[in-house]
Amino acid sequence: MSTLHVLRNRIAQKSAVVGIYGLGYVGLPLALRFSEVGLKVVGFDIDTSKAALLNSGQSYIERITPDRIQHALDQGFEATTDFARTSEVNALIICVPTPLNRHREPDLSFIVNTVEAALPHTHPGQLVSLESTTWPGTTDEVLAPRLRAHGLEPGVNCALVFSPEREDPGNPHYGTKDIPKIIGGTTARCLELGTALYQHAIQTMVPVSSTRAAEMTKLLENIHRSVNIGLVNEMKIVADKMGINIHEVIDAAATKPFGFVPYKPGPGLGGHCIPIDPYYLTWKAREYGVNTRFIELAGEINHHMPHWVVGKVADALNERGKAVKGSRILVLGLAYKKNIDDTRESPAVEIMDLLQARGAHIGYSDPHVPVFPRKRDYHFDLESVPLSAQTLASYDCVILATDHDGFDYALLKSHAQLIVDTRGRWTSAPNIVSA
Ligand SMILES: NC(=O)c1ccc[n+]([C@@H]2O[C@H](COP(=O)([O-])OP(=O)(O)OC[C@H]3O[C@@H](n4cnc5c(N)ncnc54)[C@H](O)[C@@H]3O)[C@@H](O)[C@H]2O)c1
């Protein structure tokens, strides 16, 4: 029997061992899901503290409760930093970061490092699936040659697929299992094996003709969001100048039963995906002599939004006879979107940085982020400020950057001297300015 036959049988019988590489916001829920449906899972990460926490039944992601981790441990889940254990798994699913480098170009070093650490311990008959968002061609041009150099030929003695993660953190309606999953294989056999594996954990698989089509699909989804958010942010600036409430306009437009999709403006873009992924396509498109003008324009508008908010804060303080310099300013909501604890690329942090550079005394309050997290670009030695009538009244300005459900909006409105609202939470009031 060929090695791929053996793999197919293991998958069919659910005796396949799944290795998840990168136990972050994407990898950890996926590992728990495979475990929940009865597959043995080994989780690999380079962060020893994450592996230790998981193995002791603790979680480092707010929405993943320790009892889910304990349940997985009871099912045989283990976390490790020992890549030699790659030899024990039948599937390698790669969920590592794909950031931009200092020149805003794709940084595939996490993918390459993972593959190179695992490769010496791979063997024929394994399935490799890349989930990290990346430019079209990565699976073919970066992964396949490395496997071949190691004697692994996709479709012959190994399987290679790209299957992007579509996680929507904080979405109560769609979790890992309910979100249809795109998958493309290097060959038809690869696709068949990859689909068979994921089908145990995911309700609906959506096969496409190639790994490139799957890679491009993920980018289209995120670019679609970035461009539409850019558009609505531009509309917000125009509406503000004209004295029109953009939120009222969007709600009214959304009553059209066809042809309009509402997007909400805000203080800018955040998260690991939307501010970053579009540039993966921009970079690759250059190789084909194509300029991605929409993508770059949307990026420009979205990146400008924190500056626009700071301008509104300065104007509002000025109206009250105050300067930014020396004012006490409290930013509400550090996470990039409501009801989650993820602060990556959050515009709230950039707003804090811009205001501090102008001499403001900055504080923040976020029920999901008790301590300002370690970051590459920014550092604030701060803890979340508990909100009370007295505390709110002591700030010259409060900025609603992210509208968590956990905030007491009545308390805010009654006691803040000045609120700059970037989320359209309130209609007008003497102490509220929309931004
Ligand atoms: N977070 C989301 O909502 C989301 C949604 C869809 C797609 N994605 C994509 O999924 C990928 C992963 O994102 P994430 O949010 O889970 O990132 P993350 O930073 O939360 O987690 C990545 C994990 O990988 C680990 N890691 C780094 N290098 C490694 C290596 N060489 N080997 C093993 N582990 C390593 C890190 O320690 C970390 O635990 C990215 O490509 C991202 O664009 C993320």
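Trainee: By class, how many nonpolar, polar and charged residues does the shell around the ligand have?

Mentor: The shell has 11 nonpolar, seven polar and seven charged residues; here Ala, Val, Leu, Ile, Met, Phe, Trp, Tyr, Cys and Pro count as nonpolar, Asp, Glu, Lys and Arg as charged, and the others, Gly among them, as polar. The model is predicted, so local features need pLDDT of at least 70 and side-chain atom pairs pLDDT 80 or more, whereas totals for chains, interfaces and linings use all residues. Residues are numbered from 1 along each chain as its sequence is written, and side-chain values use heavy atoms, without hydrogens or water.

Among the 25 residues around the ligand (a heavy atom within 4 Å), those that come nearest are Val26, Asp45, Lys50, Thr98 and Arg344. Arg344 also places a side-chain N or O atom 2.9 Å from an oxygen atom of the ligand, a polar contact (N or O atoms within 3.5 Å). A polar backbone atom of Tyr25 is 3.0 Å from a ligand oxygen atom, while a polar side-chain atom of Thr114 lies 3.0 Å from a ligand nitrogen atom. On its own the ligand has 830 Å² of accessible area, of which the protein covers 93% (Shrake-Rupley method, 1.4 Å probe). Domain 1 (3-209) and domain 2 (211-435) each supply at least three residues of the shell, with bounds from an automatic or database assignment.

Strand 6 (residues 159-162) and strand 7 (residues 181-185) run antiparallel and are joined by two bridges, with Phe162 opposite Gly184.

The five-strand sheet has the order 10-9-11-12-13 and parallel pairing. Its edges are strand 10 (361-365) and strand 13 (432-434), and its twist averages 20° from one strand to the next. Three bridges join strand 12 (residues 419-421) to strand 13, where Ile432 is the bridge partner of Ile419.

Terms used: Polar contact = N/O pair within 3.5 Å; in protein donor to acceptor, adjacent residues only side chain to side chain. Pairing = 2+ DSSP bridges. Helix = DSSP H or I, 4+ residues; strand = E, 2+ residues; numbered from the N terminus. Axes fitted to C-alpha atoms, helices over the stretch in contact; angles between N-to-C directions.
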